[in-house]
Amino acid sequence: MTLLAQRTPRRRAIAREAPALVAVSHGTSSPAGQVAVAALVAAIGAARPNLAVSAGFVDVQQPDAPSALASLGARAAVVVPLLLSAGYHVHVDLARQSGGATVSKALGPDDRLAQILQARLVESGLRPGDRVVLACAGSRDHRAVDDCREMGARLSGLIGRPVRVGFLSAATPRLADAVETERSAASSARVVVSSYLLAPGYFAGLARATVADVTTAPLLLPHVAPPAVLVELVLHRYAEALAR
């Protein structure tokens with residue numbers, strides 16, 4: 001058998017390998033947030049055991065996206081941002097750092113995220129008369145702000161009541177102002193903050209610091225299995241990117 005014949009099956013096997021999925025989150029210094037995001041990445045890998053799944057980070061943690069991609073060698077990859085809206089990190093940071101790898105859409109807006117938000121509200125004891133404010137991280141990129149407002153509309157349709165959107169940084173109205181607006185509109189009602197945040201961390205702490213009556217947990221929690229619909233959404237974004 002010639003050397004070329006010996007190599008051909010291996011080359012065909014490599015060609016048939018599906019591109020790796022590199023799940024890139026923002027990164028956090030919160031141990032609880034780190035555990036929660038790591039559990040999501042592990043759940044994605046468990047759902048697709050024949051797919052290479054690894055993690056990368058935009059900030060704070062390592063490996064960063066370029067290092068995560070470099071560790072794959074010559075293998076093709078799809079970067080799936082574990083980010084809830086498509087702002088600077090998606091359109092600029094990851095676009096520059098992808099090294100030619102395909103970058104999928106951000107996770108939101110999507111009805112599956114609204115389902116998780118609804119579940120968190122129910123877990124927190126949402127009442128018929130409660131006023132709901134959606135807490136978003138915020139961005140100077142209007143596309144990310146628009147994504148958050150769309151998620152507010154989707155959640156509103158799902159729970160059958162108005163949802164005001166408030167931001168923790170960069171955009172207006174600020175979350176504290178949105179909470180006060182809802183309290184002024186109905187002083188006898190409770191104000192419930194729905195945390196549209198991926199995991200525990202700095203922004204989740206800011207959300208809890210408002211004067212709302214109730215603040216829900218973020219989408220991911222440490223030592224709790226990630227919502228199945230969130231795993232499904234990440235894999236859907238991967239498949240969408242492959243189809244492009």
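View A. Strand 1 (residues 20-25) runs parallel to strand 2 and is joined to it by five bridges. The model is predicted: local features require pLDDT of at least 70 and side-chain atom pairs are counted only at pLDDT 80 or more, whereas totals for chains, interfaces and linings use all residues. Residue numbers start from 1 along each chain as its sequence is written, and side-chain values use heavy atoms, with hydrogens and water left out. Strands (E, at least two residues) and helices (H or I, at least four) are DSSP runs numbered from the N terminus; two strands count as paired if DSSP finds at least two bridges between them. The open sheet contains four strands in the order 2-1-3-4, with parallel pairing. Strand 2 (53-57) and strand 4 (102-103) are its edge strands, each with a single partner strand, so one side of each has no neighbour in the sheet.

View B. Helix 2 (residues 31-47) lies across strand 1 and strand 2, and its direction is at about 150° to strand 2. Helix 9 (residues 228-243) lies across strand 1, strand 3 (77-81) and strand 4, running at about 135° to strand 3. Contact here means heavy atoms within 4.5 Å. Axes are lines fitted to C-alpha atoms, for helices over the stretch in contact, and angles between N-to-C directions run from 0 to 180 degrees.

**View C. The crossing of helix 2 and helix 9.** The two axes come within 10 Å and cross at roughly 70°. Helix 2 and helix 9 are therefore roughly perpendicular to each other; angles of 65 to 115 degrees are classed in this way, those under 35 as roughly parallel, those over 145 as roughly antiparallel and the rest as oblique. Leu40, Ala43, Ile44 and Ala47 of helix 2 make the contact with Leu230, Val231, Val234 and Leu235 of helix 9. By class, the contact has eight nonpolar, no polar and no charged residues. In this scheme Ala, Val, Leu, Ile, Met, Phe, Trp, Tyr, Cys and Pro are nonpolar, Asp, Glu, Lys and Arg are charged, and the others, Gly among them, are polar.

View D. Five bridges pair strand 5 (residues 131-136) with strand 6 in the parallel sense, and Ala135 has Gly166 of strand 6 as its bridge partner.

**View E. The packing of helix 5 against helix 9.** The axes are 9 Å apart and the packing angle is about 165°. That makes helix 5 roughly antiparallel to helix 9. Their crossing is left-handed, the term for a near helix turned anticlockwise from the far one by less than a right angle, with clockwise giving right-handed. Arg112, Leu113, Gln115 and Ile116 of helix 5 make the contact with Val229, Leu230, Glu232, Leu233 and His236 of helix 9. By class, this contact has five nonpolar, two polar and two charged residues.

View F. Arg154 forms a salt bridge with Glu150, and the closest N and O atoms are 2.6 Å apart. A salt bridge requires a side-chain nitrogen of Lys or Arg within 4 Å of a carboxyl oxygen of Asp or Glu. Because Arg154 and Glu150 are four residues apart in helix 6, about one helical turn separates them. The structure holds 13 salt bridges.

**View G. Cis peptide bonds in two loops.** The peptide bond from Gly108 to Pro109 is cis, with omega near 0°, and Pro109 lies in the loop between strand 4 and helix 5. The bond from Thr172 to Pro173 is also cis, with omega near 0°; Pro173 is placed in the loop between strand 6 and helix 7 (175-185).
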